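Dear colleague,

Please find the structure that I am handing over to you below. I would be grateful if you could read the notes that accompany it.

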Amino acid sequence: MLKDLHEVNSRGAGIEIADVSGLAPFTYGLEYSAPARGGWTIVHIGMLLPESHQVFVCAQSCLRGVVLSAAELNDSHRFSTISVDEDSVLEGDCEEIIIRGVTHILEEMPKLPRALLLFTSCIHHFLGTDMKLVFGELDRRFPQVGFVQCWMNPIMRKTKMPPDPFMRKQLYSLLEPAEISEKQVNIIGNNLAVRRSSELYRILEENGFALKDICTCRDFEEYRTMAEGCLNIVIHPLGRPAAQELEERLGQRWVYLPVSYNWDEISERWKCLSDLLNLDSKKVWRDMEADRLQQAAEHALRTLAQTLSDWSVVIDYTISSRPLGMARLLVMCGFKVERIYADTISSEEADVLEWLKIHCPRILVCPTVYHKMAVLPRTFCGEKSGKVLAMGQKAAYFTGTGHFVNMVEDGGLYGYGGILELAGLMEEAAREEKDTEKLIQVKGWGCCC
């Protein structure tokens, strides 16, 4: 059935949270992609591996996007392509083309990279390309280079292992067995380093622990020391496959301590971490002045909520892996949260969904990829003054506001200190209007590898 893409009405483009049934409240066919590009792509994630080079093997039309991503970062020198055309498909010599192309790229480089991330695409999946043969030959020709298998494969976007978590996992595939240090902890599977505002640093540093993170590794040798960690901490849900693989391959313990916007959950995070590191949790709590930090963060949010009493707050899923949790915290602190832009709801937030249904049933849950979102007006009809504070790029785009917190994947904010810093970012966003159109077009916000 044909759809009228220019039929301007909001039917199907929002549902009150009280009426949300299940974790996938919307049905899709034709999809819309909003021009908010801050979320990271596999190109940006791959750039986190220090002293590495990326090679994408796919059709020219597919190469356009990844080439532009590399160019935006001014990192084109770390990026190469091999084009797949009809002849290579018909001749059935994809393996030879990849081997010959990678060999040519490496031989032309002034210095060999420590790692090469080789991205194959949908066509190689369809043709059953023998990647074991490809990597075997490349390893033989260039034993001093670590080769990493990667996917640029949109057809696997909704499988058990989509390209994004697979990419995060593969970043650590070059770590080799090493002697474990009981005084080193790693952050695994995140794209942005935990900010210094988090009390995590104080907990670890004051107890003699070093913290390693691929986001802050300056060179390949420092990256290799991550194999020595006694505990891997995962703070983003898509990082779990990476930690599971490292446990199986290197024997590293791991724990899932995701970002939280719940005071009690954060307390539980720190107790869990203290127990895993054999620390006195009560002493840790006192030393990091947790009570003071929590009170300061809560006071900052409540004070800001009073200042912004005539503002509406809208949140989208790109700002945080826990958008509903963020909404609940802001509601509890006095903010008027009116919309949440999310196409699906994580099972980890099912309990938060029920809380929101009871305490603020009129919050509107809106999709981002529903086709009508392309033609609906970019305005927001809030109460009173109509001022809107958006949490995330897509929320800013769909509501047409210039007052927004420009952040993706929680922005490295973590713990009580992270929430305190978030309050500051919200206050700044309300005070200073941004050039929304210019900012949200920057791909991979925060990637500066």
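Predicted model: local features only at pLDDT ≥ 70, side-chain atom pairs only at ≥ 80, totals over all residues.

Residues are numbered from 1 along each chain as its sequence is written, and side-chain values use heavy atoms, with hydrogens and water left out.

Domains

The chain is divided into domain 1 (15-35 + 292-441), domain 2 (50-171) and domain 3 (184-290); these bounds come from an automatic or database domain assignment. The centres of domain 2 and domain 3, taken over C-alpha atoms, are 31 Å apart. Between these two domains, 10 residues of domain 2 are in contact with 17 residues of domain 3 (contact means heavy atoms within 4.5 Å). About 1,100 Å² is buried between domain 2 and domain 3, and carbon and sulfur atoms give 62% of this area (buried area is the accessible area, with a 1.4 Å probe, that two parts lose on being put together, summed over both). Of the area that domain 2 buries against domain 3, P50, R114 and R168 supply 55%, more than any other three residues.

Helix pairs

Helices are DSSP runs of H or I with at least four residues, numbered from the N terminus. Their axes are lines fitted to C-alpha atoms over the stretch in contact, and angles run from 0 to 180 degrees between N-to-C directions.

Helix α7 (residues 163-170) and helix α10 (residues 240-250) cross at roughly 40°, and their axes come within 7 Å. That makes α7 oblique to α10 (under 35 degrees counts as roughly parallel, over 145 as roughly antiparallel, 65 to 115 as roughly perpendicular and the rest as oblique). P165, R168 and K169 of α7 meet P241, A242 and E245 of α10.

Helix α13 (residues 290-307) packs against helix α17 (residues 415-431) at an angle of about 20°, with the axes 8 Å apart. α13 is therefore roughly parallel to α17. Residues in this contact include L293, A297 and L301 of α13 and I419, L420 and A423 of α17.

Helix α4 (residues 94-108) and helix α6 (residues 131-141) pack at about 25°, with their axes 9 Å apart, and are therefore roughly parallel to each other. Among the residues in contact are I98, I99 and V102 of α4 and L133, V134 and L138 of α6.

Yours sincerely

Notes
Helix = DSSP H or I, 4+ residues; strand = E, 2+ residues; numbered from the N terminus.
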